Amino acid sequence: MWLIAAYCITFAVLALYGRPYIDSDMASEMVLANLLKEEGGILSVNWWYSTEIEFCALPVFYEVGLSFFPTNWYAARIMGQAIAMLLLLLSYLYVGHGLKLKNSGVWGAAALACPFGVWYFWYGAFGGLYLMYMIWQLMSFGAILHLLFASKKRAYVLHGLLLAASCFLSGLNSVKGIMGFYLPMLLAACLIFLLKWNNKPQQLPERGKRLLIWSVVAALLACIGYLINGTFLAKNHLFKSYNGQEWVQLSFSQLLDKWAEFLSLFGHPGDGFLKDKIPLFSAIGLLGSFSLLTIFAIIVSTVRLLWRWKELNTSQLIAPVLLVWICIVQGIAFSCTGVPSSINASYWLTAVPFVFPVLQLEGETEHFSLKFTRKLAAIAFSCCFVATSIGATMQFFSSGYRINPHLETICDWLVGQGYTQGYATFWNGNVLTEWSNGQIEMWVTEDFNDMEMHQWLQKSSHQQPPEGQVFLITTQEELEKMGLSQLYWWSNVVYEDDSSQWLSKVGHYLVMTYKNYDDMMNAIHGAQSWEQEAAQETQDTQSA
């Protein structure tokens, strides 16, 4: 019942209150889904992807939603998200069944249906950007677990096919799966095999041997998928990759910081990336304090299971050993490669589902003297996740990092005025397309001075400017940063925020219209000339 209630309440809240809080990163998935629906495929050569090629990823679910709600993109989003979340929960239950958890781990699945942290709310239940990575990894994990005990040919075939498909598709999408599961799983299998063999050296551990073999197979299939990703798909589709990452200085303090970021995902309201400070004695602060109990339980459960490793069978031992290796591998990757300061807590989201089997296994296998201890622990667990879910939802809606509800009202105004083609920087771009249900198409640029297209999460056809009337949406503050404050006087300003009021934390919005692209560029060149003249006058004055 808790699983059904958590799932229904989460999506009821999103359906009723979430629309004004989507951002352009999330909206890009919907714009891509619409393009794929038009082209009739699951990949497009006419799209600038980000750091991954999204093969059988979130846009596939949004396509289903668009088939039912072609004129209501937010309804299509909620439907797609609901399907993806359902698949995530089923994948987790598949793992729970393989681990032989009570009720197949249903209470862990219920926790996954809750928005228990801001990042999980944002990139999980609401934005869905990390759901497919979790799904492929859980499917692979569940298949490996079931193959350990499979005795019938039919079971071997079914679980084997699921393992092959999930591993290959995970690798085909990105390196995240290899780093976040397949490599840690291989290392965990090696360690467990050695531990079990060392414990009984007179015979090879049969379950440990199977685990190692299937872990090797999974890793190889994922690597094959990623090899195709970096060769064939890279030649025919436009996306960046992590292949250029470089080692940086080893820092144990940085590593500890990254592990702390992982634990903060479970409802801790303080986050350096999210910026906004949450007072301790506020509703969000007090609700978020329950996360400390969850974090304590995660650490204690992992340590206790590892301490009692000889009491656990092979399948039970997998959960804590795998979680530790995930933390080690990803911790090193995040702290010792690339630019560690650019890695935020969201990068750890793929590891989140692997925590819940550890918690449940500790509860089921620990030696408690008091009979009611297990029930008390389950009640405490439920209270913690309910509290942090409420706190995280409140925090996201009140002070989410990229939320901009005021921009939605401007979008509605643009639709009402009949505007259909516009220019903007990224965070003011694709979100307008989703809010307008596809009526407004946005050309996204990084700098209005040259209007070069930002080759990131938009149609590659945007290299060509639109025909006919166009608008430019920006803020006074953005124009100042670009050195184009004078553009205001060269343009037809049709919308302007009251300069005395802060309706949006990103600045005061302006909408300017032009007869066509050339007219817009002429206005920009005129503004640039005035800026240059003003700069020259200032320089002459200072020289005098």
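Author: A charge is said to sit over a ring if NZ of Lys or CZ of Arg is within 6 Å of the ring centre and within 35 degrees of the ring normal. By that rule, the charged end of lysine 100 lies over the ring of phenylalanine 149, at 3.7 Å from the ring centre. The model is predicted, with local features requiring pLDDT of at least 70 and side-chain atom pairs counted only at pLDDT 80 or more, while totals for chains, interfaces and linings use all residues. Residues are numbered from 1 along each chain as its sequence is written, and side-chain values use heavy atoms, with hydrogens and water left out.

Turning to ring against ring, the search of the whole structure gives 44 aromatic pairs, where rings of Phe, Tyr and Trp (for Trp, the six-membered ring) pair if their centres lie within 6.5 Å, and are called stacked with planes under 30 degrees apart, edge-to-face over 60, and tilted for the rest. One of these is the tilted pair of tryptophan 122 and tyrosine 401, with 6.4 Å from centre to centre and 55° between the planes. This pair joins distant parts of the chain, since tryptophan 122 belongs to helix 6 (residues 118–126) and tyrosine 401 to the loop between helix 16 and helix 17 (405–417), 279 residues apart. Helices here are DSSP runs of H or I with at least four residues, strands are runs of E with at least two, and numbering goes from the N terminus. Tryptophan 122 is buried at a relative accessible area of 2%, whereas tyrosine 401, at 30%, is partly exposed; buried means under 20% relative accessible area, exposed over 50%, and partly exposed in between, with a 1.4 Å probe and protein chains only.

Phenylalanine 334 and tyrosine 347 form an edge-to-face pair, at 5.9 Å centre to centre and 80° between the planes. Phenylalanine 334 comes from helix 14 (residues 314–336) and tyrosine 347 from the loop between helix 14 and helix 15, 13 residues apart. Phenylalanine 334 is buried, with a relative accessible area of 5%, while tyrosine 347 is partly exposed at 23%.

On a 1 Å grid over the protein atoms alone, a cavity is a set of points where a 1.4 Å probe fits but cannot get out, a pocket is an open set with protein on both sides within 12 Å along at least five of seven lines, and lining residues have an atom within 4 Å of a point. Grid points are joined across faces, edges and corners, and a volume is the space filled by probe spheres set on the points. The second largest pocket has a volume of about 850 Å³. Its lining has 29 residues, and those closest to its centre are Trp107, Gly363, Arg374, Ala377 and Ala378. Two or more lining residues come from each of helix 5 (106–112), helix 13 (290–307), helix 15 (355–365) and helix 16 (373–399), and helix 16 gives the largest share, eleven residues. The lining of this pocket contains 15 nonpolar, seven polar and seven charged residues, if Ala, Val, Leu, Ile, Met, Phe, Trp, Tyr, Cys and Pro count as nonpolar, Asp, Glu, Lys and Arg as charged, and the others, Gly among them, as polar.

Three cavities of 30 Å³ or more are found in the whole structure, and the largest cavity holds about 70 Å³. Among the residues that line the largest cavity are Trp119, His268, Asp271 and Gln395, and the lining divides into five nonpolar, five polar and one charged.

In the backbone, serine 104 has a positive phi of about 55° although it is not a glycine; serine 104 is found in the loop between helix 4 (73–98) and helix 5, partly exposed at 22% relative accessible area. Methionine 451, also not a glycine, has a positive phi of about 55° and is placed in the loop between strand 3 (441–444) and strand 4 (458–459), where methionine 451 is buried at 5% relative accessibility.

As for the cysteines, the count of disulfides, defined as pairs of cysteine sulfur atoms within 2.5 Å, is zero. Cysteine 190 is in no disulfide, with the nearest cysteine sulfur, in cysteine 223, 14 Å away. The sulfur of cysteine 223 in turn is too far for a bond, because the closest cysteine sulfur, in cysteine 167, is 10 Å from it. Cysteine 190 is partly exposed at 30% relative accessible area, and cysteine 223 is partly exposed at 40%.
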